[in-house]
Amino acid sequence: MLVKKHKSEIDQILANYPADRQRAAVMPLLYLAQREYGYLTSEAVGEVADILSLDKTEVAKLIGFYTLFHDESGGDYRIQVCTDLPCALRGAETFADELCENLGIELGGTTEDGKITVESVMCLAACDRAPMFQVQDREGLHYHENQTIDSAMELIDQLRQEAADD
Amino acid sequence: MTEYRLLRHRVIDDIGQLDVYLENGGFQAFEQAVRDKTPDEVIQVVKDSGLRGRGGAGFPTGLKWSFLGESTPRYVAVNADESEPGTFKDREIMEHNPYQFLEGVALCAYAARANVAYIYSRGEFWDISAQLDERIAILRERGYLGENLFGTDYSLDLRTHLGAGAYICGEESALLESLEGKLGMPRLRPPFPTVRGLFDRPTVINNVETLTNVPGIVANGSDWYREFGTEKSPGTKVFCLSGKINKPGNYELPLGTPFRELIYEHGGGIPDGKQIKAILPAGASAPILKATDEVLDTPMDYESVPKVGSQLGSASVIILDETVDIAWAEYKITRFFQHESCGKCTPCREGTYWMRNILDRFEAGQAAASDIQLLDDVAQGIQGKCLCALGEFAGGAVAGGIANFRSDFEKRTGNGHE
């Protein structure tokens with residue numbers, strides 16, 4: 001249970017918003033739940049709704065609207081390649097295709113070991129350093145810019161190693 | 001040659017450390033304002049400076065602050081949702097010159113007589129937002145934030161808040177909805193946020209770059225600020241240069257600098273000896289321009305770019321060379337808007353979907369000659385009917401593409417003039 005395990009963090013989050021406007025804490029709490037459970041399970045959504053005294057559907061609908069919330073499990077690491085116009089002009093589409101080919105998956109798919117998902121996403125505000133991607137995992141998000149297939153595959157090897165060590 | 005007023009980290013190493021920022025005059029403007037100036041005096045100097053909002057609309061900042069309703073509490077919400085394709089300036093400021101930005105937020109809050117300011121970053125700025133948290137904690141420790149600042153009765157707290165991946169939250173009323181824990185969908189206006197904004201309270205919403213201008217203005221006055229730029233578009237601006245260009249990146253230049261200077265002097269021209277074909281001056285959100293001599297010699301300011309048929313917007317200048325097919329570029333742009341349409345109003349939700357559908361046919365080489373007219377009809381049909389600018393931008397982008405580069409669409413229908 002989030003409320004038992006992360007009581008002080010939840011209290012800190014709630015304290016950021018006026019007492020009569022606690023609903024504002026819903027997105028930070030969803031991030032906390034995603035960190036705890038890996039993705040937003042039905043139970044996790046229920047827990048967040050209970051903390052804020054909201055209907056579960058009021059919370060669940062946010063997950064469909066915001067792309068960084070996930071209601072199904074993916075790879076441990078989601079490699080999100082920007083393929084929007086400025087990045088595409090610097091070869092990001094070819095980069096994403098080649099990366100998938102190297103990993104033996106389709107764009108949007110997950111490797112057989114369940115570690116790596118590759119997705120195409122909208123602009124990440126790094127247009128001058130394409131090809132680039134962000135890696136989303138349970139703990140957060142990190143940018144990787146000016147990438148080549150070699151540098152990306154090296155990073156993926158490291159991530160797989162970290163996942164194996166955990 | 002301009003001096004750096006925003007990207008000061010490029011000349012002052014380690015300005016991201018508080019002590020270095022303080023040695024370079026940091027937080028003097030804020031301390032003096034809180035001790036010796038009234039909020040109205042701060043608003044007046046920002047008005048006199050002519051500073052205009054850098055998020056895209058170019059609205060006069062001081063004027064916006066003067067519209068604030070009287071009721072309390074009031075809030076400041078900082079728009080750090082930088083998501084326009086081609087825009088990456090706020091990120092550089094927050095990563096490398098964070099204290100100047102935070103001092104700007106503090107000055108805005110003082111001018112607004114607000115005691116809490118929220119910094120709403122796009123969720124992808126996870127690491128940047130965490131760094132801001134650390135710096136805000138340092139400012140509290142060192143007495144630049146907190147209760148009874150500098151021995152006065154003014155108190156201020158800054159708080160960060162992360163979005164979760166939705167372009168629409170950069171639209172100010174959608175940002176407020178999202179910050180309140182709802183779907184990021186635009187509100188009907190009026191009431192405007194300055195009257196009824198965050199948590200139904202009077203709220204000032206400003207972009208990161210806008211606020212980063214404020215410490216210099218308050219410290220040095222409006223005449224100093226007006227040393228650069230034009231009469232109606234004063235100051236320097238960070239221009240984001242991307243696409244088919246030798247040296248992509250951020251360039252801080254006076255407003256009114258011509259496109260040609262940005263592209264050829266600073267950006268090093270077009271790679272591989274290719275010719276420039278088109279310019280997107282404001283990312284996906286303003287009509288595409290043919291790179292004629294007239295356009296290249298146009299000053300990049302809020303008045304001049306509209307005269308050649310587009311907008312300065314957030315000054316995210318994307319360069320397309322002769323190898324780029326504009327029908328493809330419009331497909332990419334439309335794919336973006338269709339994905340990011342919030343779905344609240346019908347013209348945008350349905351219009352972006354159908355434009356995407358038709359452009360898919362162009363991409364697949366299955367478009368009929370009549371599809372150009374159909375696409376143009378949908379694009380024109382969206383405009384003037386949407387709740388917020390997103391739908392307007394989506395329609396304008398496609399209509400502008402067809403108007404300026406019709407032959408690129410014709411080539412793909414099999415009825416063109418190859």
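This is a predicted model: local features need pLDDT of at least 70, side-chain atom pairs count only at pLDDT 80 or more; totals for chains, interfaces and linings use all residues.
**Chatting through a two-chain model**

Colleague: Nice! Which residues of α18(B) are buried?

Modeller: Among them are Leu390(B), Phe393(B), Val398(B) and Ile402(B), along with several glycines including Gly395(B) and Gly396(B).

Colleague: And what do the buried residues of α18(B) pack against?

Modeller: They pack against other helices of chain B: α15 (326-340), α16 (346-363), α17 (370-382) and α19 (406-411).

Colleague: How far apart are the end C-alpha atoms of α18(B), and what should its 16 residues span?

Modeller: The helix covers residues 389-404, and at 1.5 Å a residue it should span 22 Å. Its end C-alpha atoms are 22 Å apart, which agrees.

Colleague: Okay, new helix. How many residues of α6(B) are buried?

Modeller: There, 14 of its 14 residues are buried. Helix α6(B) runs over residues 98-111 and reaches 20 Å from its first C-alpha to its last, close to the 20 Å expected.

Colleague: What happens just after α6(B)?

Modeller: Arg113(B) sits there, and it takes a positive phi of about 50°.

Colleague: Let's talk about the largest nonpolar core. Which residues touch the most other members?

Modeller: That core has 186 residues, and those touching the most other members include Cys82(A), Val76(B), Val105(B) and Leu107(B). The largest share of this core, 10 residues, comes from α6(B).

Colleague: You mentioned Val76(B). What does Val76(B) touch?

Modeller: Leaving out residues up to four places away in sequence, Val76(B) touches Val105(B), Cys108(B), Ala109(B), Ala112(B), Ala114(B), Ala117(B) and Val204(B).

Colleague: Zooming out a bit, how is chain B divided?

Modeller: Chain B has domain 1 (8-225), domain 2 (236-321) and domain 3 (326-411). Between domain 1 of chain B and domain 3 of chain B, the C-alpha centres lie 35 Å apart. Each of these two domains gives 8 residues to the contact between them.

Colleague: What classes of residue are on the domain 1 side of that contact?

Modeller: On the side of domain 1 of chain B that touches domain 3 of chain B, you'll find 6 nonpolar, 1 polar and 1 charged residues.

Colleague: Now chain A. What does its secondary structure come to?

Modeller: Chain A has 8 helices and 4 strands. Going from the N terminus, the order is α-α-α-α-α-β-α-α-β-β-β-α. Of its 166 residues, 42% count as buried.

Colleague: Which domains does chain A have, and how far apart are their centres?

Modeller: The assignment gives domain 1 (2-65) and domain 2 (77-165). Taken over C-alpha atoms, 28 Å separate the two centres.

Colleague: How many residues does the contact between the chains take?

Modeller: It takes 32 residues from chain A and 36 residues from chain B. On the chain A side, the elements giving two or more residues are α3 (26-37), α5 (56-65), α6 (85-88) and β4 (140-144). By class, that side has 22 nonpolar, 5 polar and 5 charged residues.

Colleague: Last one: what ipTM and pTM does the predictor give?

Modeller: The complex gets an ipTM of 0.96 and a pTM of 0.96. Chain B averages a pLDDT of 96, and 98% of the residues score at least 70.

Conventions: Residues are numbered from 1 along each chain as its sequence is written. Chains are lettered from A and ligands numbered from 1 in the order in which they are written. Domain bounds come from an automatic or database domain assignment. A residue is buried if 20 or more other C-beta atoms lie within 10 Å of its own, exposed if 12 or fewer, and partly exposed in between; C-beta atoms are placed from the backbone. Two residues are in contact if their C-beta atoms, placed from the backbone, lie within 7 Å. Ala, Val, Leu, Ile, Met, Phe, Trp, Tyr, Cys and Pro count as nonpolar, Asp, Glu, Lys and Arg as charged, and the others, Gly among them, as polar. pLDDT is the predictor's confidence in each residue, from 0 to 100. The expected span of a helix is 1.5 Å times one less than its number of residues. A nonpolar core is a set of buried Ala, Val, Leu, Ile, Met, Phe, Trp, Tyr and Cys residues joined through C-beta atoms within 7 Å.
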